[in-house]
Amino acid sequence: MRPDIVVAGIGETTPVPADSRSIPEMVLEAVEAALADAGIGHRDLDAVTTASVDMFDGITASNIAVTEVVGAVMKPEARISADGLTAVAHAACQIWSGAYETVLVAAHAKTSIAPHRDLTQWALDPIHVQPLGVDFLTCAGLQARLLADRDPGAERRWAEIAAKRRGGAMSPDRILASPLVASPLRLGMCAVPGDGASAVVLRAKKKGIGGPILAGIGYDLEPHALGDRDLTRWSGLERALDRAGKTAGFEGRRPHFDLAEPSCLFPHEEELFVAAADLDEMTEISPDGGLLAGYIPIVAGLSRMTSATRYFRRNRKAGALALVHGTWGPAAQGQVVAILGGAAS
Amino acid sequence: MRPAAIIGTGQTDHAKSRDDVSQPELVREAASRALADAGLRPSEVDAIIIGNMEMFEGRALPELWVGEGGFANRKPCLKIATGGTSGTSSCIAGFHQAASGVFDIVLVVGFEKHSEGQTQTGMALTDPFWDRGVASGALGNFALSISQYMAERGVTPEQAARVAVKSRRNAAKNPHAHLKDANATVADVLASKVLAHPVRLMDMCPQSDGAAAIVVASAERAKKLCSRPAWVKAATTRHEQPYIGDIDRRLLSMRTLRDASRSVYATAGIREPLKQLDVAEIYEPVTYAELAWYEILGFCSEGQAGRLIEDGVTEIGGELPVNPSGGVLCANPVGATGVIRVAEAASQILGRAGAHQIEGAKTALVTGYGVYAWADAMILGSEP
Amino acid sequence: MTERISVQIEMNQSWRYASGAAMERFADGLRQKRIEALRCGGCGRRYLPPRPVCGNCHLHLSEWVPVADQGVVEAWTVVYLPFLDGRTGEIRKGPYGMALIRLDGADTTLNHYLAEADPTRLAVGLRARAVWRDELRGAIDDIRHFEVMR
């Protein structure tokens with residue numbers, strides 16, 4: 001039998017457009033907060049799984065910058081270069097395999113140190129796509145265009161979603177009047193990138209260790225070429241969710257989620273998310289606001305997990321479930337989900 | 001860790017330049033060979049792990065583009081990479097995934113296409129405030145460590161040259177090897193030009209294009225699918241502090257490799273490595289390192305590594321063949337190199353190592369090395 | 001024989017790295033030819049370059065100790081192969097000497113150049129002292145190289 005996994009501690013920096021600290025300083029804050037929150041020290045860690053992207057950090061083997069601050073000296077460290085929630089998924093496998101009992105997961109990125117859009121070009125097929133100057137924003141625009149062209153009300157709805165996610169700071173009309181960045185996407189519809197780090201402590205459940213249960217994980221990689229995908233839906237999320245449901249024991253059925261914390265960088269993505277996850281109106285989506293007002297690549301999915309954990313600490317409802325979500329790649333080519341269950345006693 | 005086993009391996013023919021294939025095609029070559037070796041169809045793969053140091057090719061998130069080559073479309077796929085240990089750490093991640101109960105069949109593919117990038121540029125992107133301005137790549141780092149090793153343990157260039165000779169001659173039996181020479185001699189090595197004192201051209205690993213893949217199965221599936229799986233008896237990792245000057249006497253004491261190997265020996269019940277190990281595939285980026293690691297891995301006592309190789313103990317046919325494949329010295333596509341070590345060790349236990357098969361190999365040691373003294377170690381065995 | 005197609009893409013990318021508070025102080029010191037290390041309150045190890053925590057003890061580092069600009073050559077080599085300088089983007093041609101130098105007062109070693117390219121004149125245990133540039137910018141290459149003290 002697999003051990004239950006508890007989210008024993010969380011910590012993160014406040015996302016800001018530009019963090020003047022070095023990467024180790026920034027990650028240290030998140031790690032120390034998570035360890036303190038879990039009531040453990042670095043000596044209690046069996047292993048660390050980190051998430052970072054060399055091209056974004058401008059450092060080869062970028063995890064070397066954080067080895068000391070994440071407590072990985074003379075310890076096992078695995079490093080994944082994708083959304084931080086995939087590091088949670090992998091750490092879960094590590095604990096379920098019996099290899100480790102206590103794993104720290106940490107993710108970081110600083111979009112302020114280089115033009116992030118430009119860096120994303122280096123992820124695109126260098127033979128057929130990159131030479132055209134395509135980046136992740138272009139791909140999002142292409143998907144949005146496909147959706148808008150078959151749905152005349154879409155742009156207005158997106159403006160309303162974006163206005164809500166920005167906490168009323170911009171009205172839907174102002175959003176619709178903001179400059180086009182990748183038609184039909186407007187500046188007001190795009191998540192604002194920044195700097196930050198998040199960390200989570202996962203522990204095999206034992207007496208005395210409390211927190212929400214990480215019930216299931218699932219992830220998926222869509223084909224890379226946009227033309228090979230059905231861009232009207234997030235089928236990658238559907239598959240990831242099916243896999244997560246399976247590991248959580250929900251064979252074949254989609255459970256009701258009390259909370260959803262998606263990683264949506266544009267309002268059209270929120271609609272794709274709701275459709276793929278088949279959510280009903282009772283599900284609360286990103287009560288903290290979500291990512292539109294500020295997001296950090298690689299950290300995003302992990303920060304959705306910390307948000308969901310805080311939700312469980314506020315709302316102790318037996319049997320509550322949360323859907324936590326992360327993405328990476330052009331038009332969310334990579335999708336990852338975690339299912340969190342209500343507080344463990 | 002719950003049991004998991006390797007049931008198939010595959011490699012490309014590693015070369016200075018594989019301009020006949022794109023990166024996804026290079027991945028596909030190794031992936032399809034591993035699946036064929038395992039007797040599986042791509043649809044039977046539950047998860048894929050890609051190992052690659054994409055800065056060497058000037059890429060970001062490489063699995064997005066090359067994943068298709070690894071049959072990753074619409075499947076769970078992650079890229080795991082940790083410098084030189086990328087290959088071994090990807091394999092260890094594969095073991096964890098296959099042992100987790102979440103996935104039954106995990107395909108791990110490591111690859112590198114150095115010819116398509118600027119490796120020196122990639123290597124230069126170290127810590128921006130410190131190491132970057134003074135570093136002279138991996139070569140400089142090794143040369144520095146070697147001066148300490150020579151000063152303290154008295155190893156000679158001739159003894160180091162024997163490692164290169166062993167590698168080249170072993171590689172002549174390995175169809176995948178990049179550098180091979182059945183007639184290599186110590187004189188050849190000592191005549192090759194000095195790159196950074198005392199490291200000569202033939203002491204140093206090459207940069208290669210290549211890919212390698214392993215298929216890891218859960219215990220249940222391994223028993224069903226394979227008559228002689230290579231079981232993962234133990235596997236662990238140790239990372240180090242971040243600056244080159246942090247690490248005391250790296251080749252002499254390398255606490256990470258020492259601790260990692262002690263840990264896997266203890267888990268696997270290895271008390272006398274020379275006797276109990278049948279074969280070792282260790283990650284030797286330079287000849288002198290292999291000698292230093294004979295000592296750290298407990299094959300001999302301190303200062304005796306030169307004797308060990310002079311006595312032929314680590315040759316094919318010796319008491320403990322080390323790198324019968326030819327090792328890193330004969331092929332080094334960085335993201336794949338660690339996977340090659342695992343694949344070679346596994347194929348020894350699977351009985352599929354062909355011309356460089358060690359008869360009756362039942363217990364294998366694998367190590368990975370990367371960055372400044374990061375270490376992986378694992379024991380593979382014929383029994384679950 | 002079909003011709004191979006290749007797609008050339010040139011990368012011209014720069015990043016603005018944040019140094020961190022401790023490195024800022026260290027760099028300021030270099031401008032005054034002052035070298036310092038951070039001493040761990042747990043294990044006592046004196047670290048160059050500075051960093052936020054001791055990786056072994058996981059204690060915050062805050063105690064600055066002075067370090068001399070001379071010390072012992074713990075490891076050395078002479079590099080013959082040309083190498084890309086990661087800071088200037090220029091190719092550095094060999095032969096040039098390099099060493100790991102344990103400066104008096106520090107426990108970690110400093111990787112730097114040696115003004116000696118004859119391997120017969122180099123050995124572990126020699127002492128070396130820094131030769132500073134005339135213009136100091138607050139970077140580790142404010143030290144041009146180390147010269148062996150004979």
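Two residues are in contact if their C-beta atoms, placed from the backbone, lie within 7 Å. Among the contacts in chain B with a separation of 6 or more, residues 24 or more positions apart account for 79%.

## Basis of the model

This is a predicted model, in which local features need pLDDT of at least 70, side-chain atom pairs count only at pLDDT 80 or more, and totals for chains, interfaces and linings use all residues. Residues are numbered from 1 along each chain as its sequence is written, while chains are lettered from A and ligands numbered from 1 in the order in which they are written.

## Chain A overall

Chain A has ten helices and twelve strands. Helices (H or I, at least four residues) and strands (E, at least two) are DSSP runs, numbered from the N terminus. The C-alpha trace of chain A spans about 55 × 45 × 40 Å along its principal axes. Its radius of gyration is 19 Å, which agrees with the value near 20 Å that a compact globule of 345 residues would have. This radius is taken over C-alpha atoms, and the globule rule is 2.2 Å times the number of residues to the power 0.38.

Of the 345 residues of chain A, 63% count as buried. A residue is buried if 20 or more other C-beta atoms lie within 10 Å of its own, exposed if 12 or fewer, and partly exposed in between, with C-beta atoms placed from the backbone. Among contacts in chain A between residues at least 6 apart in sequence, 77% join residues at least 24 apart.

## The two domains of chain A

The domain assignment divides chain A into domain 1 (5-113 + 193-344) and domain 2 (116-189); such bounds come from an automatic or database domain assignment. Taken over C-alpha atoms, the centres of domain 1 of chain A and domain 2 of chain A are 24 Å apart. Their contact takes 20 residues from domain 1 of chain A and 22 residues from domain 2 of chain A.

On the side of domain 1 of chain A that touches domain 2 of chain A, the elements giving two or more residues are α2 (54-57) and α9 (267-277) of chain A. The most come from α9(A), with three residues. By class, this side of domain 1 of chain A has twelve nonpolar, seven polar and one charged residue. Here Ala, Val, Leu, Ile, Met, Phe, Trp, Tyr, Cys and Pro count as nonpolar, Asp, Glu, Lys and Arg as charged, and the others, Gly among them, as polar.

Helix α5 of chain A covers residues 136-149. At 1.5 Å a residue, its 14 residues should span 20 Å, and its end C-alpha atoms are 20 Å apart, which agrees. The expected span is 1.5 Å times one less than the number of residues in the helix. Among the buried residues of α5(A) are Phe136(A), Cys139(A), Gln143(A) and Leu147(A). The buried residues of α5(A) pack against α4 (116-120), α6 (154-165), β5 (180-182), β6 (185-186) and α9 of chain A.

In strand β4 (residues 102-110) of chain A, eight of the nine residues are buried. Two strands pair if DSSP finds at least two bridges between them. Strand β2 (residues 47-51) of chain A runs parallel to β4(A), joined by five bridges, and Thr49(A) stands opposite Val105(A) in β4(A). Strand β7 (residues 195-204) of chain A runs antiparallel to β4(A), with nine bridges; His108(A) stands opposite Ala197(A) in β7(A).

Chain B has 15 helices and eleven strands, and 71% of its 384 residues are buried. Its C-alpha trace spans about 55 × 45 × 40 Å along the principal axes.

In the contact between the two chains, 50 residues of chain B meet 50 residues of chain A. Elements of chain B that each supply at least two residues to this side include β3 (77-79), α3 (86-99) and α11 (255-268). The most come from α3(B), with five residues. The side of chain B that touches chain A has 20 nonpolar, 18 polar and twelve charged residues.

## Chain C

Three strands of chain C form an open antiparallel sheet in the order β2-β1-β3. Its edge strands, β2 (46-47) and β3 (63-67) of chain C, each pair on one side only. Strand β1 (residues 35-39) of chain C pairs with β3(C) over five bridges, and the bridge partner of Ile35(C) in β3(C) is Val67(C).
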